[in-house]
Amino acid sequence: AHEDTVLQSQPPPEEQNYGATAARVRQGPFVSVSGKGPAKREYLIAAVLCYANLINFMDWFIVPGILLDIQNYFRLKDGDIGLLQTVFILCYMLAAPVFGYLGDRYNRKIILGAGIFFWSGVTLGSSFISELYYWIFFLSRGLVGIGTASFSTIAPTIIADLFEEGKRTTMLSIFYIFIPVGSGLGYVLAAGMAAVTDDWHWAFRITPCLGGLALVLLILLVPHRTQRRTAAHRALSISGTIRVAAEKPGVHRTAKTTWCQDVISLAKNCSFIWSSLGLTAMAFVTGALGTWVPVFLYRAQVVQGIVPPCLHESCDSSNSLIFGGITIGTGILGVIAGAEAARRLRKINNKADPLICATSMFISSLCLYVALMVAQTNILSTFIFIAFGELFLSVNWAVVTDILLYVVTPRRQSTAIALQILVSHLLGDAGSPYLIGTISHAIQDKNVHSFQWSFWSMQYSFIVCAFVGVCGGGFFLLTSFYIEEDRKEAER
């Protein structure tokens, strides 16, 4: 039986929750307060979305996990192999606004299911491509990016609609834990399958099966339609039945807006703009690290004489396995630490979220710079500082999304997430793997071809990441100047 709804007057501003799905109806004198928490079915839906997010990012990072094998198989240079991940990201980010538009207006379950089916099928097909048709392999990764965009754009908004502010932050944190966990498992899966089967193609035949399971769970457990929470739905709930707020005097329905109107409104939202640029810097760094760190570590080990040069197709995959494990561990710790720090510091500082993001970006940049400097002399220290760098980067994942969800009005959230994906990937990890590879290749061409210069060229090109990370910290500091005003505007 549903608990009776208690009607109470508007609380003072300092007692209000902030968050996209906790927005208050300011037009009327009453709000609804229900004593009933999230149902088990809502947690089940969130679990399905988290599992699909895990598979999503496993598929994303299969290529970096076996990059040396793919490079030798297709005979690609550093710039070309960097372009492989760039093609994936470009297609991903260009498709995101389309799915954001569709997600705000049409059935989200159908869009998610179609996306999972599409990217799983293309990934399976790419495992059968001959070395003579490398351009088809590039094309297949682009198509996988399109399918992935459908999920990444829409899934967070469903979780935001299922839970109120307190639970929402927790569930989003759990959802985003699966970004680094899935990324790390992608490395482990790719390197492990290549080592077990002595054929890297098998790495592309596991995630489609897991994706098929995610599709079945989505069809069986996620309802055909999920309730979108907006200001108009902050209505009176009596005996579990939600009455639209527009039925009450003084409360009006939310007017529908065009996509262009949504974009113009978001462009005026300073917190959204600066936090998106901060996320762009994060994406730039994580994209470059995710693609090139195993190769960088391998070249450092060759220079130190720890491992022999890889001159044939089957290469040592231990660096990918270790880096994958680091990514999983630091990702879990970082997301949990970021969410907990945000939860505690919000009580004493309304600007806590962007300040947490700025601090973590500055510390991460310092750790990554130190890792680059010690790589030629001490591999263990390099792994340690890379781990700390990834740990502080991971602190921001859930916090940045939470910022978006409470500074943007709910009816524009899918569009806002899609535009954030577009900008962060266009200026971030769409170009960073290619840029790092191109700089490395250019440095090698101007010097004597040797294993030493092969390492130095990658080391020098990676310094760009430390600089971009510092810029990202600055963008989050700028976000803190506008966060309170934009949050209040979204609530209105």
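**Figure 1. Salt bridges in the predicted model.** The count comes to eight salt bridges, where a salt bridge is a side-chain nitrogen of Lys or Arg within 4 Å of a carboxyl oxygen of Asp or Glu. This is a predicted model, so local features need pLDDT of at least 70 and side-chain atom pairs count only at pLDDT 80 or more, while totals for chains, interfaces and linings use all residues. Residues are numbered from 1 along each chain as its sequence is written, and side-chain values use heavy atoms, with hydrogens and water left out. Glu340, Arg343 and Arg344 are linked in a network of salt bridges.

**Figure 2. The Arg412 and Asp262 pair.** Here the side chains of Arg412 and Asp262 meet in a salt bridge, at 2.8 Å from N to O. Arg412 lies in the loop between α14 (396–407) and α15, and Asp262 lies in helix α9 (residues 259–267), so the pair ties together parts that are 150 residues apart in sequence. Helices (H or I, at least four residues) and strands (E, at least two) are DSSP runs, numbered from the N terminus. Both Arg412 and Asp262 are buried; buried means under 20% relative accessible area, exposed over 50%, and partly exposed in between (1.4 Å probe, protein chains only).

Figure 3. The side chains of Asp402 and Arg346 meet at 2.5 Å, N to O. Asp402 lies in helix α14 and Arg346 in the loop between α11 (318–345) and α12, so this pair ties together parts that are 56 residues apart in sequence. Asp402 and Arg346 are both buried. Now look at Glu489 and Arg492, whose side chains form a salt bridge at 2.7 Å, N to O. Glu489 counts as partly exposed, at 48% relative accessibility.

**Figure 4. The largest nonpolar core.** This core has 130 residues, and those with the most contacts inside it are Leu49, Ile66, Ile70, Phe137, Trp200 and Phe462. Helix α10 (residues 270–304) gives the most to this core, with 16 residues. Domain 1 (39–231) and domain 2 (268–491) both give residues to this core, so it lies between them. The domain bounds come from an automatic or database domain assignment. As for the term itself, a nonpolar core is a set of buried Ala, Val, Leu, Ile, Met, Phe, Trp, Tyr and Cys residues joined through side-chain atoms within 4.5 Å. Zoom in on Ile66 and you will find that Ile66 touches Ala190, Ala191, Ala194, Trp200, Ala203 and Phe204, not counting residues up to four places away in sequence. Contact means heavy atoms within 4.5 Å.

**Figure 5. Helix α15 from end to end.** Helix α15 covers residues 413–429, and at 1.5 Å a residue its 17 residues should span 24 Å; the end C-alpha atoms are 22 Å apart, which agrees. The expected span is 1.5 Å times one less than the number of residues in the helix. Helix α15 is mostly covered, as 13 of its 17 residues are buried.

Figure 6. Gly79 sits in helix α4 (residues 78–103) and counts as buried, at 9% relative accessibility. Gly79 and Ile436 are 357 residues apart in sequence, yet 7.8 Å apart in space, C-alpha to C-alpha. Leaving aside neighbours within four places in sequence, Gly79 is in contact with Tyr434, Gly437, Thr438 and His441.

Figure 7. Most residues other than glycine have a negative phi. Arg75, in the loop between α3 (67–74) and α4, has a phi near 55°, a positive value. Arg75 is exposed, with a relative accessible area of 70%. Asp198, in the loop between α7 (165–197) and α8 (207–221), has a positive phi near 60°. Asp198 counts as exposed, at 58% relative accessibility.

**Figure 8. Confidence along the chain.** The chain averages a pLDDT of 81, and 84% of the residues score at least 70; pLDDT is the predictor's confidence in each residue, from 0 to 100. Among the elements of the chain, helix α12 (residues 352–374) has the highest mean pLDDT (96) and strand β3 (residues 237–238) the lowest (32). Over residues 1–36 the pLDDT is below 50, and this stretch has 79 contacts in the model beyond near neighbours in sequence.
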